[in-house]
Amino acid sequence: MASVTQTPVFVRPESRLRRVLRRLARRRVSLVAGAIVLCFIAMALLAPLIAPYDPTKASFMLVRKAPSAAHWLGTDEVGRDVLSRMIWGARSSLLAGAIPVVVALLFSVPLGVISGYAGGVLDMVVMRVTDAMLAIPFLIVAITLAAFLGPDLKNAMLAIGIASLPVFVRLARAAAMSIRAEDYVEAARVIGSSHLRIAFRHILPNMLPPLLVQASVMAAAAIIAEASLSFLGLGQQPPAPSWGSMLNAAQRHMAAAPWMAIAPGAMIFVLVIALNIFGDGLRDALDPKRR
Amino acid sequence: MRFLIFFGQRLALAVPTVLILSVLVFLLQRLLPGDPALAMGGDEIDLQGLEEIRHKYGLDLPIHLQYFRWLGSALVGDLGISLRNSMGVTELLLGKLVITLQLAFASMIIAVVVGIPLGVLAASRHGTWLDTATSAVSLTSISIPHFWLGILLVLAFSVNLQWFPSSGYVPFWEDPRRSAMGFVLPSIVLGTGIAGVLMRHTRSAMLQSLGADYVRTARAKGLSERRVVLRHALRNALVPVVTLGAIEFGHLLAGAVLTEQIFSIPGFGKLLVDGVLYRDYAVVQGLVLVSAVLFILVSLTADVLYFVINPRLRG
């Protein structure tokens with residue numbers, strides 16, 4: 001009787017990134033949403049090449065013209081091409097989606113990690129301050145700060161970033177607290193790693209998944225907030241194009257030029273829903289319970 | 001007794017939060033660019049006039065004394081004077097609160113009537129096309145920019161069909177019908193977003209309840225599916241949803257900024273926008289403080305509600 005010897009097969013463990021990408025790829029809706037977000041980024045980058053007209057060039061001969069072959073989405077109250085303004089407007093919206101999130105992450109992550117890792121009085125103070133900030137509605141904080149800092153896209157983005165700080169601080173703190181109790185953190189402590197090393201080498205990389213998911217959701221909220229601030233005249237200033245300020249103008253000419261209101265609002269809606277779907281997909285792909 | 005301890009703990013947490021909030025709101029005006037005395041006196045004022053204003057309003061005092069003075073006045077209900085219309089801020093806010101409360105209640109009714117039944121429906125038909133469609137509706141209502149929805153509704157129902165007024169506010173006691181008609185579109189706009197949130201949470205809470213042992217027991221006893229879903233699963237699923245609904249209501253009290261702007265409803269939101277545009281610091285400060293305190297009170301009520309309706313906490 002021939003003996004069968006089995007050679008052990010060593011399988012290289014799949015990297016975390018690959019696993020997340022594989023799980024994300026399984027969700028077709030999330031992939032489509034991700035592709036839509038990429039299309040918006042491409043539109044913003046290629047605006048000078050694909051916009052048919054100068055977005056700021058007014059023409060009194062073309063005031064409030066309905067959609068036509070020359071102007072696919074019509075013209076606005078001073079004769080500017082709505083399609084060109086819509087394409088260029090993607091720049092301010094995408095910047096407003098990204099920069100406040102980066103600002104919030106830069107400040108909140110170290111604060112959340114220190115608070116969650118150190119605990120004690122510092123943690124209590126940080127938590128009470130975030131509680132107080134969370135009691136003021138997000139948009140009210142953004143509007144008040146943007147108004148006091150001065151109406152400008154940069155200030156609007158800073159205001160939105162500050163308004164979203166408490167959510168990220170709480171999330172970073174909660175993640176840091178749960179990771180602090182893990183065995184590998186205890187092991188690092190036993191071998192004499194410094195607090196700083198433990199915080200940045202062990203805690204920070206492991207808290208990225210929940211922060212990434214929150215970042216995608218917050219980017220969607222920031223895009224709506226920027227559009228809201230521009231709608232109120234506190235964000236991007238005319239004649240520079242922005243979807244929010246386009247809707248502000250559209251509201252004043254609703255009866256005579258309804259086409260002015262459709263495209264910019266639809267752009268915000270599609271981008272926000274794509275980001276929300278992508279965020280949901282990312283949450284599922286990163287969720288360890290779904291492995 | 002257990003309730004009193006629970007309530008005392010929550011209240012003890014709320015007090016420092018309100019105090020820190022008052023510091024933040026106070027610093028908001030004092031630390032940001034722009035001189036409040038200049039804003040009060042206007043661009044034409046001379047140096048002596050500026051000094052007089054600073055002295056009159058205590059702006060020449062050290063900042064911590066300014067804070068205690070401001071807090072002391074706020075505690076007795078004096079939030080300062082509006083620069084724009086020379087009225088007391090407290091009086092102004094109380095007048096607007098009535099209007100905002102009407103809008104918030106109307107929006108909440110729409111959100112609850114639409115959101116909870118659709119959430120229950122999605123969970124009880126889990127995995128079917130109805131579940132997918134309801135989830136899509138929920139995601140759409142959460143993602144749609146409110147001010148755009150407002151513009152679209154005005155375009156459809158005011159400009160084209162002329163069913164509802166596009167803007168303006170009529171007090172209920174003056175003309176109840178016109179007042180109600182004026183609230184329909186703004187309430188739909190605000191109610192839509194909250195309905196989406198309630199739908200999502202009701203669905204997930206119902207799915208959890210429907211998979212629980214007590215539901216299996218109820219089914220095994222031979223109860224009808226309708227009774228199992230409504231009497232057993234929904235009753236438990238509603239516990240977190242009620243808390244969430246109360247928090248959403250708290251946000252509504254101050255979060256209707258753009259909707260009030262679009263429909264020209266003179267509530268909290270419109271007052272805030274006018275306040276920031278005219279640099280009416282006292283109004284903005286008072287409004288942010290009052291809306292945040294209201295939110296904390298609503299959250300406290302939500303905690304109490306959670307305790308009252310959750311049998312496991314009552315013990």
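Predicted model: local features only at pLDDT ≥ 70, side-chain atom pairs only at ≥ 80, totals over all residues.
For the complex, the predictor reports an ipTM of 0.84 and a pTM of 0.86. Along its principal axes, the C-alpha trace of chain B stretches over about 85 × 60 × 35 Å. Of the 315 residues in chain B, 39% are buried. Contacts between residues 24 or more positions apart make up 70% of those in chain B with a separation of 6 or more.

Chain A is built from helices too, with 12 of them and zero strands. Its C-alpha atoms take up a box of roughly 90 × 65 × 25 Å along the principal axes. The radius of gyration of chain A is 24 Å, whereas a compact globule of 291 residues would come out near 19 Å. Buried residues account for 46% of the 291 residues in chain A. As for sequence separation, 71% of the contacts in chain A with a separation of 6 or more join residues 24 or more positions apart.

In an unreviewed entry, the annotation "transmembrane region" is given to residues 29-51, 94-120, 132-150, 156-172, 211-235 and 255-279 of chain A. Two of these spans can be set against the model. Residues 94-120 of chain A are 96% helix and 0% strand, and their end C-alpha atoms sit 39 Å apart. Residues 156-172 of chain A are 100% helix and 0% strand, with 24 Å between the end C-alpha atoms. For chain B, the unreviewed UniProt entry puts "transmembrane region" at residues 12-32, 97-124, 136-159, 179-199, 237-263 and 283-309. Here residues 97-124 of chain B come out as 100% helix and 0% strand, with the end C-alpha atoms 39 Å apart. Residues 179-199 of chain B are likewise 100% helix and 0% strand, and 29 Å separates their end C-alpha atoms.

Next, the contact between the chains. It draws 34 residues from chain A and 36 residues from chain B. On the side of chain A that touches chain B, at least two residues each come from helix 5 (120-135), helix 6 (138-149), helix 10 (208-231), helix 11 (243-252) and helix 12 (259-286). Helix 12 of chain A gives the most to this side, with eight residues. Sorted by class, the side of chain A that touches chain B holds 27 nonpolar, five polar and two charged residues.

The largest nonpolar core has 159 residues, and the members that touch the most others are A:A142, A:I143, A:A172, A:I223 and B:L272. Helix 5 (residues 89-124) of chain B provides the largest share of this core, 15 residues. Leaving aside residues up to four places away in sequence, A:A142 touches A:A159, A:I160, A:A163, A:A225 and A:L229.

A:G116 sits in helix 4 (residues 82-118) of chain A. A:G116 counts as buried because it has 26 C-beta neighbours inside 10 Å, and 20 or more are enough for that label. Beyond residues up to four places away in sequence, A:G116 touches A:D123, A:A172, A:R173, A:A174, A:A176, A:M177 and A:R180. By contrast, A:D152 is 36 residues from A:G116 in sequence and 35 Å away in space, C-alpha to C-alpha.

Most residues other than glycine have a negative phi, and most peptide bonds are trans. The bond from A:P238 to A:P239 is cis, with omega near 10°; A:P239 belongs to the loop between helix 10 and helix 11 of chain A. A:R64, which is not a glycine, has a positive phi of about 45° and lies in the loop between helix 3 (47-50) and helix 4 of chain A. A:R64 counts as partly exposed because it has 15 C-beta neighbours inside 10 Å. In chain B, the non-glycine B:Q162 has a positive phi of about 55°, and its place is the loop between helix 7 (146-160) and helix 8 (176-210). With 9 C-beta neighbours inside 10 Å, B:Q162 counts as exposed.

Methods
Residues numbered from 1 in each chain as written. Chains lettered and ligands numbered in written order. Contact = placed C-beta atoms within 7 Å. Helix = DSSP H or I, 4+ residues; strand = E, 2+ residues; numbered from the N terminus. Nonpolar A, V, L, I, M, F, W, Y, C, P; charged D, E, K, R; others polar. Rg over C-alpha atoms; globule rule 2.2 N^0.38 Å. Buried ≥ 20, exposed ≤ 12 C-beta atoms within 10 Å, placed from the backbone. UniProt positions renumbered as here; feature names shortened; annotations may be inferred. Core = buried A, V, L, I, M, F, W, Y, C linked by C-beta atoms within 7 Å.
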